[in-house]
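Thanks for coming. I will go through one model today, from the whole chain down to a couple of residues.

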Amino acid sequence: MPRTKGDHEARRRDVSAAVWQVMATRGFAGLTLRAVAAELGATTGLLTHYFPTKRALVAYALDLLEQRTLSRPRRPVGRGLAALRGALLDILPLTPEAIDSNRVWVSSWDAALSDPALAADYAGKYAQGRERLRTRVAAAQELGELPPGDAARIAASAQSFVLGLVVQALFDPTTFPPERQVELLDGYLAALAAEADGTA
């Protein structure tokens, strides 16, 4: 019987799930056609229909990671400092799903750093993230919740702080459990806000 469009979409979903499982358990370094085929219970020959090269597999994996990251449930968006806090909390590995996503993301850095095109793509993604944070910083400044100044600089600082916290939490989850991550983030934001009300 000829394959239907539904069969093809179902197979793509199976392949996506296998790619994600390999990345979540082995990291980006363990992402190979052989590993994905084993997870799928298929042959590498079948996978070459979807990924003719290793780079095609890597590009697909990065797209899958971004899709999963963007589709993750987000905290309700308030205004001002609350919105900034919510956006930063959404980055942190505070849930099992967020831990998996962050592990995969951090393990993909090596692949990105060795490929100029991927590196440029990553730089663009981080720039977009900073811009989203900048709009929240600017709104908090308008409300008097954050001190006046260069909103882009404050956004870059906040992104750098939270990404550093991500790495520490992944490597040392005992020292940086979710509650400690939230505590450190709240302390960071409180220090920023203190400059606005003159208590710093």
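The accessible surface of this protein comes to about 11,000 Å². Carbon and sulfur atoms hold 56% of that area. Please keep in mind that this is a predicted model.

As for dimensions, the C-alpha atoms fill a box of roughly 70 × 35 × 30 Å along the principal axes. The protein has 200 residues, and 39% of them count as buried.

On secondary structure, there are ten helices and zero strands.

Next, confidence. The average pLDDT for the protein is 86, and 90% of the residues score at least 70. Where is confidence lowest, and where is it highest? The lowest mean, 77, is in α4, while helix α9, residues 151–171, has the highest, at 97. Where pLDDT is low, the predicted coordinates should not be read in detail.

That matters for the next item, a helix pair. Two packed helices are described by the angle between their axes and the distance between the axes. Here the pair is α4, residues 54–71, and α8; their axes come within 12 Å and cross at roughly 10 degrees. The cut-off for roughly parallel is an angle under 35 degrees, so α4 and α8 are roughly parallel to each other. From α4, the contact uses R55, V58, L62 and E66; from α8, it uses A117, L118, Y122 and K125. By type, five of the contact residues are nonpolar, three are charged and none is polar.

Now two residues of α8. K125 is placed in this helix, which covers residues 116–142. Is K125 buried or exposed? Its relative accessible area is 16%, and buried means under 20%, so K125 counts as buried. What does K125 touch, leaving aside neighbours within four places in sequence? The contacts are E66 and W105.

L133 is buried, with a relative accessible area of 4%. Not counting residues up to four places away in sequence, L133 touches L84, A87, L88, A155 and Q159. Take Q159 from that list: L133 and Q159 are 26 residues apart along the chain, and their C-alpha atoms are separated by 7.9 Å.

That is what I have for today.

Key:
Residues are numbered from 1 along each chain as its sequence is written. This is a predicted model: local features need pLDDT of at least 70, side-chain atom pairs count only at pLDDT 80 or more; totals for chains, interfaces and linings use all residues. Side-chain values use heavy atoms; hydrogens and water are left out. Helices (H or I, at least four residues) and strands (E, at least two) are DSSP runs, numbered from the N terminus. Buried means under 20% relative accessible area, exposed over 50%, partly exposed in between (1.4 Å probe, protein chains only). Contact means heavy atoms within 4.5 Å. Axes are lines fitted to C-alpha atoms, for helices over the stretch in contact, and angles run from 0 to 180 degrees between N-to-C directions. Angles under 35 degrees count as roughly parallel, over 145 as roughly antiparallel, 65 to 115 as roughly perpendicular and the rest as oblique. Ala, Val, Leu, Ile, Met, Phe, Trp, Tyr, Cys and Pro count as nonpolar, Asp, Glu, Lys and Arg as charged, and the others, Gly among them, as polar. pLDDT is the predictor's confidence in each residue, from 0 to 100. Accessible areas come from the Shrake-Rupley method with a 1.4 Å probe; for residues, only the protein chains shown count as cover.
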